[in-house]
Amino acid sequence: MVSIVLMNSFDYLVAAIDRAVARGWEAEADALGQLYQATGAALDSDAGAPGRIQAALEGIQRVDPRRARAIRPAFEGLISGLEFELRMKEVA
């Protein structure tokens with residue numbers, strides 16, 4: 001399930017980064033790029049990925065609060081799913 005959410009997240013982020021670059025919004029593009037990289041770490045089952053995704057969301061909040069409010073629920077759901085998967089791996 002987390003894999004589907006990850007793929008949707010990547011699709012969204014690629015499009016959002018492209019739009020920000022096209023409009024010349026470098027700070028927003030950089031913040032979104034950091035979120036893209038943090039989300040990519042989740043594909044490697046990196047235990048630090050949830051924290052990096054949260055930090056990247058905070059970076060977007062500083063640059064574009066409106067966008068952060070719009071995407072935060074989806075990425076917080078992703079963080080919860082990743083944390084759950086990490087706990088399950090520890091138990092197994």
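1. Crossing of helix 2 and helix 4. In this predicted model, helix 2 crosses helix 4 with a left-handed sense. Helix 2 covers residues 26-43 and helix 4 covers residues 65-91, and the two pack at an angle of about 15 degrees with their axes 12 Å apart. Helix 2 is therefore roughly parallel to helix 4, because angles under 35 degrees count as roughly parallel.

2. Residues between helix 2 and helix 4. From helix 2 the contact draws on Glu28, Leu32, Leu35, Thr39 and Ala42, while helix 4 supplies Arg67, Ile71, Phe75, Leu78 and Leu82. Sorted by class, the contact of helix 2 with helix 4 holds seven nonpolar residues, one polar residue and two charged residues.

3. The side chains of Glu28 and Arg67 are joined by a polar contact of 2.4 Å. Once neighbours within four places in sequence are left aside, Glu28 is in contact with Ala20, Val63 and Asp64 as well as with Arg67.

4. Arg19. Arg19 belongs to helix 1, which takes in residues 2-23, and with a relative accessibility of 34% Arg19 counts as partly exposed. Between Arg19 and Leu82, which are 63 residues apart in sequence, the C-alpha to C-alpha distance is 28 Å.

5. Helix 3 against helix 4. Helix 3, comprising residues 49-63, has an axis that comes within 9 Å of the axis of helix 4, and the two cross at roughly 175 degrees. Helix 3 is therefore roughly antiparallel to helix 4. On the helix 3 side, the contact includes Pro50, Ile53, Leu57, Ile60 and Val63, and on the helix 4 side it includes Pro65, Ala68, Ile71, Phe75, Leu78 and Leu86. The residues of the contact of helix 3 with helix 4 comprise 13 nonpolar, two polar and four charged.

6. Phe75. This residue of helix 4 is buried, with a relative accessible area of 2%. Phe75 takes part in the contact with helix 2 and also in the contact with helix 3. With residues up to four places away in sequence not counted, Phe75 touches Ser9, Leu13, Leu35, Thr39, Ile53 and Leu57. The C-alpha atom of Phe75 is separated by 9.5 Å from that of Pro50, although the two residues are 25 residues apart along the chain.

7. Helix 2 against helix 3. The axes of helix 2 and helix 3 come within 8 Å, and their crossing angle is roughly 170 degrees. Helix 2 and helix 3 are therefore roughly antiparallel to each other, and helix 2 passes helix 3 in a left-handed crossing. The contact is made by residues including Ala27, Glu28, Ala31, Leu35 and Ala38 of helix 2 and, among those of helix 3, Ala49, Arg52, Ile53, Ala56 and Gly59. By class, the residues of the contact of helix 2 with helix 3 divide into 13 nonpolar, three polar and two charged.

Notes
Residues are numbered from 1 along each chain as its sequence is written. This is a predicted model: local features need pLDDT of at least 70, side-chain atom pairs count only at pLDDT 80 or more; totals for chains, interfaces and linings use all residues. Side-chain values use heavy atoms; hydrogens and water are left out. Axes are lines fitted to C-alpha atoms, for helices over the stretch in contact, and angles run from 0 to 180 degrees between N-to-C directions. Helices (H or I, at least four residues) and strands (E, at least two) are DSSP runs, numbered from the N terminus. Angles under 35 degrees count as roughly parallel, over 145 as roughly antiparallel, 65 to 115 as roughly perpendicular and the rest as oblique. A crossing is left-handed if the near helix is turned anticlockwise from the far one by less than a right angle, and right-handed if clockwise. Contact means heavy atoms within 4.5 Å. Ala, Val, Leu, Ile, Met, Phe, Trp, Tyr, Cys and Pro count as nonpolar, Asp, Glu, Lys and Arg as charged, and the others, Gly among them, as polar. Buried means under 20% relative accessible area, exposed over 50%, partly exposed in between (1.4 Å probe, protein chains only). A polar contact is a pair of N or O atoms within 3.5 Å; within protein, one must be able to donate a hydrogen and the other to accept it, and residues adjacent in sequence count only if both atoms are side-chain atoms.
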